[in-house]
Amino acid sequence: LLDTADVAAALSVESQLGTDAVFAADLMALRPQVGQADSAARLRDLLAGSQIVASHRDPAVCTRVQDAYSLRCSPQVHGAARDTVTHAALIASRELAAAVDNPVVTSDGRVESNGNFHGAPVAYVLDFLAIAVADVASISERRTDRALDRTRSNGLPPFLADEVGVDSGLMIAQYAAAGIVSELKRLAVPASVDSIPSSAMQEDHVSMGWAAARKLRRGIDGLARVLAIEVVTGCRALELRAPLAPAPATAAVRDLVRSAGVAGPGPDHFVSPDIETTTALVLSGQVAAAADAAAR
């Protein structure tokens, strides 16, 4: 999903007339965070060749000093999440190679009681991932909200509506994203610190890792939906920038979404099917794959 988050951010940066200059490699090198550099590199590739981005590079055309955090800091947030996933994968690989039985039979044949069954290592990273999931969804929803606000979208119609003042446009889609993000914040509360003793106080400190895993699974589903809403919004916003052409990568995502039956700019319609369709494209990896194939 983090590859898709970069795609969604590229759609937002491009369609909201943001700059790609802040993603430059030399700027990323000033802060040698691996995930941040990876996300910034993807954003550079995804936005390469965009007429929309090129249209406002001249300082005489664009007088903004800098973009909002949700656009400018996408690599920093997505990158931190990438590094969190890398750490979680390391812990998982160690756990898969572990013997967590109690008692355990040692290599020299002894039968020993031990505490290797305690799930703290896994529970911690599951909670850590839930925090990253909530924050990536949070910054995505903020980018969506900017696209729908005529005071911040740099010339896009309010709510990307067809008949302004009558149509709702994508207003309700942003409501859905906001509601999901609010839930993800609650799911980010760590389970691993909430130990409950049992077994007559023999098992007096437990990891609660199963609870951490269950809420993370719900969180991932929510993140996919929030990203899907940003993709739907970004694709519509791109089309409203015509006749300027988007980058090949973002154009490929727009074409994928349209080919799946998601409607473009036009009169109000029921948006839930569009969100469900795009969520399926996000979860299957098709959004990220389409963008990466075109970017190459």
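Is Ser 153 buried or exposed, and what is its relative accessible area? In this predicted model, Ser 153 is buried, because its relative accessible area is 0%, and buried means under 20%. Ser 153 sits in the loop that runs between helix H7 (120–148) and helix H8 (171–187), and, once its neighbours within four places in sequence are left aside, its contacts are Gln 16, Arg 146, Ala 147 and Arg 241.

Most residues other than glycine have a negative phi, and most peptide bonds are trans.

| Item | Feature | Value |
|---|---|---|
| Ser 199 | positive phi | near 55° |
| Met 208 | positive phi | near 60° |
| Asn 102 to Pro 103 | cis peptide bond | omega about -5° |
| Ala 242 to Pro 243 | cis peptide bond | omega near 15° |

Ser 199 is found in the loop between H8 and H9, where Met 208 also lies; Ser 199 is partly exposed, with a relative accessible area of 44%, and Met 208 counts as partly exposed at 28%. Pro 103 belongs to the loop between helix H6 (74–96) and strand S1 (104–105), whereas Pro 243 is in the loop between helix H9 (209–239) and helix H10 (248–259).

Turning to helix packing, helix H3 (residues 34–47) and helix H12 (residues 286–295) pack at an angle of about 70°, with their axes 9 Å apart, which means that H3 is roughly perpendicular to H12. Arg 42, Asp 45 and Leu 46 in H3 meet Ala 288, Ala 291, Asp 292 and Ala 295 in H12, and by class this contact has four nonpolar, no polar and three charged residues.

Note on methods
Residues are numbered from 1 along each chain as its sequence is written. This is a predicted model: local features need pLDDT of at least 70, side-chain atom pairs count only at pLDDT 80 or more; totals for chains, interfaces and linings use all residues. Side-chain values use heavy atoms; hydrogens and water are left out. Axes are lines fitted to C-alpha atoms, for helices over the stretch in contact, and angles run from 0 to 180 degrees between N-to-C directions. Helices (H or I, at least four residues) and strands (E, at least two) are DSSP runs, numbered from the N terminus. Angles under 35 degrees count as roughly parallel, over 145 as roughly antiparallel, 65 to 115 as roughly perpendicular and the rest as oblique. Contact means heavy atoms within 4.5 Å. Ala, Val, Leu, Ile, Met, Phe, Trp, Tyr, Cys and Pro count as nonpolar, Asp, Glu, Lys and Arg as charged, and the others, Gly among them, as polar. Buried means under 20% relative accessible area, exposed over 50%, partly exposed in between (1.4 Å probe, protein chains only).
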